[in-house]
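Reader: I am new to this structure. Please pick one part, take me through it closely, and then show me what lies elsewhere.

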Amino acid sequence: MSVFQFLKSKSFFIQIVIAVVGLLLFVFILKFWLGVTTNHDQKIQVPDLQKLSLEDVDRKLKELNLDFKIIDSASYNPDYPKKSVIEQTPKAGDFVKEKRKIYLTLNPSKYRDVTIPDLNGRTKRQASSQLRAMGLNVGTNFTYVNDIGKDVVRGLRHNGKILNEGDKLPLNSIVDLVLGDGNGR
């Protein structure tokens with residue numbers, strides 16, 4: 001029997017029909033199985049977790065059979081409570097399936113600390129620029145001491161306390177300058 005005669009034979013067509021039926025049956029069974037195991041039609045709407053504490057987040061997500069993971073803490077934002085959620089992924093209102101993880105970014109408990117540099121002998125303008133660049137605020141209550149240099153930094157204060165080189169203050173703290181009055185001899 002030649003190849004062409006076999007391709008025209010009844011047994012070849014029966015084998016083709018069996019293969020096509022088997023393939024279609026396999027595809028329908030696979031589709032049904034995937035629909036059952038992946039909870040295809042299930043939708044849980046992600047709640048808005050912003051400004052909530054971790055205890056509230058845990059309680060709220062457990063009610064919805066969701067989980068969370070803390071991935072980061074951002075820069076301190078005074079508009080949000082300490083240790084509360086600033087960002088979440090997926091966003092509020094998105095739809096997810098059960099046991100999905102919600103990734104959270106938290107607000108730290110305070111600003112990060114900044115190390116005070118040695119500014120003694122710098123001009124008021126130089127010291128103010130450097131302090132602002134570091135994230136500190138320069139107060140308007142200048143204290144003048146008897147010194148030969150006018151507007152030369154002779155010290156730093158925070159809330160009345162004298163600051164030394166290497167001391168740490170939270171970001172956005174107000175630093176008052178102690179300056180020379182130019183009358184020293």
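**Salt bridges and their surroundings**

Author: Lys62 is exposed, with 59% relative accessible area; the cut-off for that word is over 50%. Keep in mind that this is a predicted model.

Lys62 has a partner. Its side chain meets that of Asp58 in a salt bridge, at 3.7 Å from N to O. Asp58 has a relative accessibility of 28%, so it counts as partly exposed.

Helix H3 covers residues 54-63 and holds another pair, Arg59 and Asp56. These two also form a salt bridge, with their closest N and O atoms 3.3 Å apart. They sit three residues apart, again about one turn of the helix. Arg59 is partly exposed, at 48% relative accessibility. Asp56 is partly exposed as well, at 29%.

How many salt bridges does the structure hold? There are three. One of them joins the side chains of Asp147 and Arg154, with 3.1 Å from N to O. Here the two ends differ in cover. Asp147 has a relative accessibility of 16%, so it counts as buried, the limit being under 20%. Arg154 reaches 34% and counts as partly exposed.

Arg154 leads on to the largest pocket. The volume of this pocket is about 170 Å³. Its lining is made of 15 residues. Arg154, Gly155, Leu156, Leu163 and Asn164 are the ones nearest the centre. Which strands supply at least two residues each of the lining? Strand S9, residues 150-158, is one of them, and strand S10, residues 161-163, is another. S9 gives the largest share, with five residues.

Now turn to Val178. This residue belongs to strand S12, which runs over residues 174-181. Val178 is buried, at 8% relative accessible area. What does Val178 touch, once neighbours within four places in sequence are set aside? Its contacts are Thr143, Val145, Val152, Val153, Arg154, Gly155, Leu156 and Arg157. Arg154, Gly155 and Leu156 are among the residues nearest the pocket centre, and Val178 is in contact with each of them. Arg154 also holds the salt bridge to Asp147.

Is Ser84 buried or exposed? With a relative accessible area of 1%, Ser84 is buried. Leaving out residues up to four places away in sequence, Ser84 touches Lys51, Leu52, Thr105, Leu106 and Asn107.

Last, look at the surface. A nonpolar patch there is formed by Leu23, Phe26, Val27, Leu30, Trp33 and Leu34. Together these residues have about 600 Å² of accessible area. Trp33, one of the patch residues, lies in helix H2, which spans residues 10-37.

Then go to Arg154, paired with Asp147 and among the residues nearest the pocket centre. From Arg154, step to Val178, which is in contact with it.

Note on methods:
Residues numbered from 1 in each chain as written. Predicted model: local features only at pLDDT ≥ 70, side-chain atom pairs only at ≥ 80, totals over all residues. Heavy atoms only, no water. Helix = DSSP H or I, 4+ residues; strand = E, 2+ residues; numbered from the N terminus. Buried < 20%, exposed > 50% of the residue type's maximum accessible area, 1.4 Å probe, protein only. Contact = heavy atoms within 4.5 Å. Patch = residues over 30% accessible without salt bridge, like charges linked within 9 Å, V, L, I, M, F, W, Y side chains within 5 Å. Areas by Shrake-Rupley, 256 points an atom, 1.4 Å probe, with all protein chains shown as cover. Salt bridge = Lys/Arg side-chain N within 4 Å of Asp/Glu carboxyl O. 1 Å grid on protein atoms, 1.4 Å probe; cavity = no way out; pocket = protein on both sides within 12 Å on 5 of 7 lines; lining within 4 Å. Points joined across faces, edges and corners; volume = space filled by probe spheres on them.
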